[in-house]
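Thank you all for making the time this morning.

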Amino acid sequence: MGKKKQIPDRWMDYAPMKEAFLDARIIPIKVPLPDHRFCNDYMYQYKWTPTDVMTGIPNVGLIIDATYKTPPYYDPREFTSQGIEYAKVMCAGHFVPSEEVYQQFSEIVKRFLLDPRNNGKIIAMHCTHGVNRTGYLLCRYLIENLNYPPAQALDTFAMTRGHPVERDNYKEALFNLPIVRRF
């Protein structure tokens with residue numbers, strides 16, 4: 001008999017999503033899980049599946065998965081079969097994402113946003129909880145591409161996600177980024 005699939009630690013402590021960063025067209029979310037993970041009535045009240053993502057964000061055009069889990073928590077074909085792009089950015093938890101991980105994420109976002117076929121479409125991005133890795137990558141993108149000061153990026157993320165970046169090493173890394181102004 002196979003190992004029972006569990007809900008990730010503390011996953012139920014986080015809201016699925018709140019709102020999108022309109023100037024970046026990215027909405028941070030927690031990882032959606034397949035229906036079979038919600039095996040009882042107590043867990044079912046927390047249900048957040050790929051179908052819920054597509055229903056809750058009807059204009060989603062790209063899912064960026066920043067978990068380190070392979071295979072992913074869900075089958076990406078649940079999105080791609082509906083015409084939604086899927087991109088995996090392998091990002092280990094607890095450690096500040098590497099420059100390579102950030103550049104991969106940044107290129108995926110830029111490519112999507114610059115494609116005229118994606119006008120009006122939103123990127124949904126997640127790690128496990130949609131808070132730390134997602135927060136770091138998204139805040140760094142705001143700092144480096146939209147000229148947000150670090151404190152404003154973190155505050156905006158907390159307000160938009162409904163949860164702040166929790167890891168001090170991630171916040172410190174954002175404040176220690178070299179200042180590069182792009183006009």
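This is a predicted model: local features need pLDDT of at least 70, side-chain atom pairs count only at pLDDT 80 or more; totals for chains, interfaces and linings use all residues.

By buried I mean under 20% relative accessible area, with exposed meaning over 50% and partly exposed in between, for a 1.4 Å probe and protein chains only; helices (H or I, at least four residues) and strands (E, at least two) are DSSP runs, numbered from the N terminus.

Residues are numbered from 1 along each chain as its sequence is written, and side-chain values use heavy atoms, with hydrogens and water left out.

Coming back to S4, both of its faces are covered, with Ile122, Ala124 and His126 buried on one side and Ile123, Met125 and Cys127 buried on the other. Which strands pair with S4, if pairing requires that DSSP finds at least two bridges between two strands? Strand S1, residues 26-30, runs parallel to S4 and is joined to it by five bridges, and there Pro28 has Met125 as its bridge partner. Strand S2, residues 60-65, is also parallel to S4 and joined to it by five bridges, with Ile63 standing opposite Ala124.

Now to the nonpolar cores, a core being a set of buried Ala, Val, Leu, Ile, Met, Phe, Trp, Tyr and Cys residues joined through side-chain atoms within 4.5 Å. The largest has 33 residues, and those with the most contacts inside it are Ile26, Ile64, Phe105 and Leu137. The elements that give two or more residues to this core are S2, helix H4 (99-114), S4, helix H5 (132-146), helix H6 (150-161) and helix H7 (168-175), and H5 provides the largest share, seven residues. Leaving aside residues up to four places away in sequence, Phe105 touches Ile26, Ile64, Val89, Met125, Leu137, Leu138 and Tyr141, where contact means heavy atoms within 4.5 Å. Apart from that core lies another, of 21 residues, among them Trp11, Met43, Trp48 and Ile57.

Val53, in helix H2 (residues 50-56), counts as buried at 0% relative accessibility. Beyond residues up to four places away in sequence, Val53 touches Ile29, Pro32, Trp48, Ile63 and Phe79, and although Val53 and Pro32 are 21 residues apart in sequence, they are 7.3 Å apart in space, C-alpha to C-alpha.

Two loop residues deserve a look. His94 lies between strand S3 (85-88) and H4, has a positive phi of about 75° although it is not a glycine, and is exposed, with a relative accessible area of 52%. Asn147, in the loop between H5 and H6, also has a positive phi, near 60°, but counts as partly exposed at 21% relative accessibility.

Note on methods:
Two strands pair if DSSP finds at least two bridges between them.
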